[in-house]
Structure formats: structure tokens, C-alpha cells
Amino acid sequence: MPDDRSFHVLEAVANRLEASPQRPRRRWSAEAKSRLIEATLTLKPGANVSAIARQAGMAPAQLFGWRSKAIKSAAVTPHRDAERLGFVEVTPTASASVEIELGGVVIRAGADINEEQLVRIIRAVRQA
């Protein structure tokens, strides 16, 4: 067996995955960033940060990152609105029930429903 110790140099070039389209990096102006961050802080019912990001043509993780950074640096503060979901203590009676109107849907729950079940129902209605 001959002693052939030759070798070949392989050149590896870093490239994006072939399935992924190559796009140049997008540069966002400070005004555009602040407009998008503000939109996530004043969410209307049915809106969410991911939907806002997709509408702007960006990855939701990027917008979440900008938002988190802005809140941590105290550059912005999240709005606390009266429409946020909150719970109050209800003293049940024999025939007590509660009606909750959420986005045009009325949820009727008896006094025997626990908080965890009610939260699941409300979340399901919001996602529908």
C-alpha cells in the first residue's frame, strides 16, 4: 500500500439555508420602532404583539425584544386600562349566577364554577 499522504483543502462558505429566502437586513428608524412599541402598549381587544409584528413584516420576537427593552429602560410604561381582566370575590348564594359580556359574547356561569374554569372559558372566548 503506497504511503499517499496528500490532502485536499475544502472551503466552507457560510450561507443561509437554501429554503430560506435571502433578504437584506432591514433598518428600522427610531420613529418606526417607537410607533410599533406604542401600538403594543395600547392593545385593543383581539389584538396581540405577534399580529402587530406580522403586519409590519417583522419577526414577533424582534418586536417583543424592542418592547421589553423599552419597558426595562423606562422609556415607555405600559398603559393600565380598565378593560383588563380582573377578579372580585363573589359570595355564592343558592341560585347565584354571573353574566360576563366579552366582545359581544355573553358568558353565563353558576356560583359553583371555580376561578380556573372561568379563566379557561374566558380565554377560549377571546381566542374564538
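Predicted model: local features only at pLDDT ≥ 70, side-chain atom pairs only at ≥ 80, totals over all residues.

Biologist: What makes Leu-36 count as buried?

Modeller: Buried means under 20% relative accessible area. Leu-36 has 8% relative accessibility, so it counts as buried.

Biologist: Which residues make up the largest nonpolar core?

Modeller: There are twelve: Trp-28, Ala-32, Leu-36, Ile-37, Leu-41, Val-49, Ile-52, Ala-53, Met-58, Leu-63, Trp-66 and Ala-70. H1, H2 and H3 each supply at least two residues of this core, and the largest share, four residues, comes from H1.

Biologist: Why would such residues sit together?

Modeller: In soluble globular proteins, nonpolar side chains tend to be buried together.

Biologist: On to H3. How do you know that its length agrees with its number of residues?

Modeller: H3 covers residues 60-72, 13 residues in all. The expected span is 1.5 Å times one less than the number of residues, so H3 should span 18 Å; its end C-alpha atoms are 18 Å apart, which agrees.

Biologist: Which residues of H3 are buried, and why say they line one face?

Modeller: The buried ones are Leu-63, Trp-66 and Ala-70. Looking down the axis of H3, they fall within an arc of 60°, so they line one face of the helix. Among what covers them are helix H1 (30-41) and helix H2 (49-56). The face of H3 turned away from the buried side carries Ala-61, Lys-69 and Lys-72, which are exposed.

Biologist: How do H2 and H3 cross?

Modeller: Their axes come within 8 Å and cross at roughly 115°, and H2 passes H3 in a right-handed crossing. On the H2 side, Val-49, Ser-50, Ile-52, Ala-53 and Arg-54 meet Pro-60, Leu-63, Phe-64 and Arg-67 of H3.

Biologist: Last one: what follows H3?

Modeller: Ala-74 does, and its phi is positive, near 65°.

Definitions and conventions: Residues numbered from 1 in each chain as written. Heavy atoms only, no water. Buried < 20%, exposed > 50% of the residue type's maximum accessible area, 1.4 Å probe, protein only. Arc of directions from axis to C-beta. Contact = heavy atoms within 4.5 Å. Core = buried A, V, L, I, M, F, W, Y, C linked by side-chain atoms within 4.5 Å. Axes fitted to C-alpha atoms, helices over the stretch in contact; angles between N-to-C directions. Left-handed = near helix turned anticlockwise from the far one by under 90°.
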